Amino acid sequence: MLSLIQKSEEGLMKKVVFLSGKKVNLRPYDKEKDLRNLLRWISDPETRQFISSHAQFPKSLEKEEDEMRKRTTGPENVFLIIETKNHRPIGCMGLHKIDWINRTAESGASIGEKKYQNKGYGTDAKMFFLNYAFNTLNLRKINSAAFSFNKRSLAYNGKCGYKIEGVFKRQFFRNGKYHDAIMIAVFKEDFQNIWKRYQKAD
Ligand SMILES: CC(C)(COP(=O)(O)OP(=O)(O)OC[C@H]1O[C@@H](n2cnc3c(N)ncnc32)[C@H](O)[C@@H]1OP(=O)(O)O)[C@@H](O)C(=O)NCCC(=O)NCCS
């Protein structure tokens, strides 16, 4: 049985909040709580088709742990877990390849709990995450890429200020076909007005 001290420590851990959004909180990765969720989310065939090629191979818990160690450490990475306001983990969001000279980075995200997709959680997380990237980390431009068939990702990124910069033709093989990769990016100055409007909206 858990002692009272253990219980209250667990309660405090539950309350770690790094970014507080309107619909979500974002908090640091916690191996004990998150590793199995991340493996479950990334293994899901529906979600996996939208994610980069490394996710197309089956992963053991050990392999996922290794990858998470790399994604959550070092000055070129920021990685956060997305939670509902009730502290239910529903996905993750990160910056990688942060370049502190050019002040650029690549963003990636997933709402892994499928019943929480399409309900505005991704947009809310991305808005507060970009505000952190631009107005705390002082980054200048965030790049990303989506497969041409991932209309939802293009739509939610577009709402957060990303614009199409180019297309890599027939770059990715998914579901038996080659697909274009749509290269998108958002600049700090374009984000700031969107952010002001977002903060004022209900
Ligand atoms: C992409 C993802 C992070 C977006 O998060 P989300 O919480 O589901 O998205 P939101 O509900 O905030 O916004 C989705 C928007 O796309 C729109 N949308 C959904 N399906 C669409 C479609 N087929 N075509 C056009 N727009 C679409 C929605 O209407 C919504 O816009 P609205 O709020 O103006 O109505 C999430 O769906 C996800 O994790 N998907 C699987 C993995 C993935 O694709 N990761 C990104 C890889 S680039």
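The model is predicted, so local features need pLDDT of at least 70 and side-chain atom pairs count only at pLDDT 80 or more, while totals for chains, interfaces and linings use all residues. Residues are numbered from 1 along each chain as its sequence is written, and side-chain values use heavy atoms, with hydrogens and water left out.

Helix α2 covers residues 31-43. Helices (H or I, at least four residues) and strands (E, at least two) are DSSP runs, numbered from the N terminus. The 13 residues of α2 reach 17 Å from the first C-alpha to the last, close to the 18 Å expected at 1.5 Å a residue; the expected span is 1.5 Å times one less than the number of residues. Asp34, Leu35, Asn37, Leu38, Leu39, Trp41 and Ile42 are the buried residues of α2, where buried means under 20% relative accessible area (1.4 Å probe, protein chains only). These buried residues pack against β2 (24-28), α3 (45-48), α4 (61-71), β3 (78-84) and β4 (89-99).

With α4, helix α2 packs at an angle of about 110 degrees, the axes being 10 Å apart. Axes are lines fitted to C-alpha atoms, for helices over the stretch in contact, and angles run from 0 to 180 degrees between N-to-C directions. α2 and α4 are therefore roughly perpendicular to each other (65 to 115 degrees). On the α2 side the contact (heavy atoms within 4.5 Å) is made by Lys31, Leu35, Arg36, Leu38, Leu39 and Ile42, and on the α4 side by Leu61, Glu64, Glu65 and Met68. By class, six residues of this contact are nonpolar, none polar and four charged. Ala, Val, Leu, Ile, Met, Phe, Trp, Tyr, Cys and Pro count as nonpolar, Asp, Glu, Lys and Arg as charged, and the others, Gly among them, as polar.

From α5, Asp124, Met127, Phe128, Leu130, Asn131, Phe134 and Asn135 meet Lys188, Phe191, Gln192, Ile194, Trp195 and Tyr198 in α7. The contact of α5 with α7 has eight nonpolar, three polar and two charged residues.

Gly122 also lies in α5. Gly122 counts as buried because its relative accessibility is 15%. Apart from neighbours within four places in sequence, Gly122 is in contact with Met93, Ile111 and Tyr156.

Conventions:
Buried means under 20% relative accessible area, exposed over 50%, partly exposed in between (1.4 Å probe, protein chains only). Angles under 35 degrees count as roughly parallel, over 145 as roughly antiparallel, 65 to 115 as roughly perpendicular and the rest as oblique.
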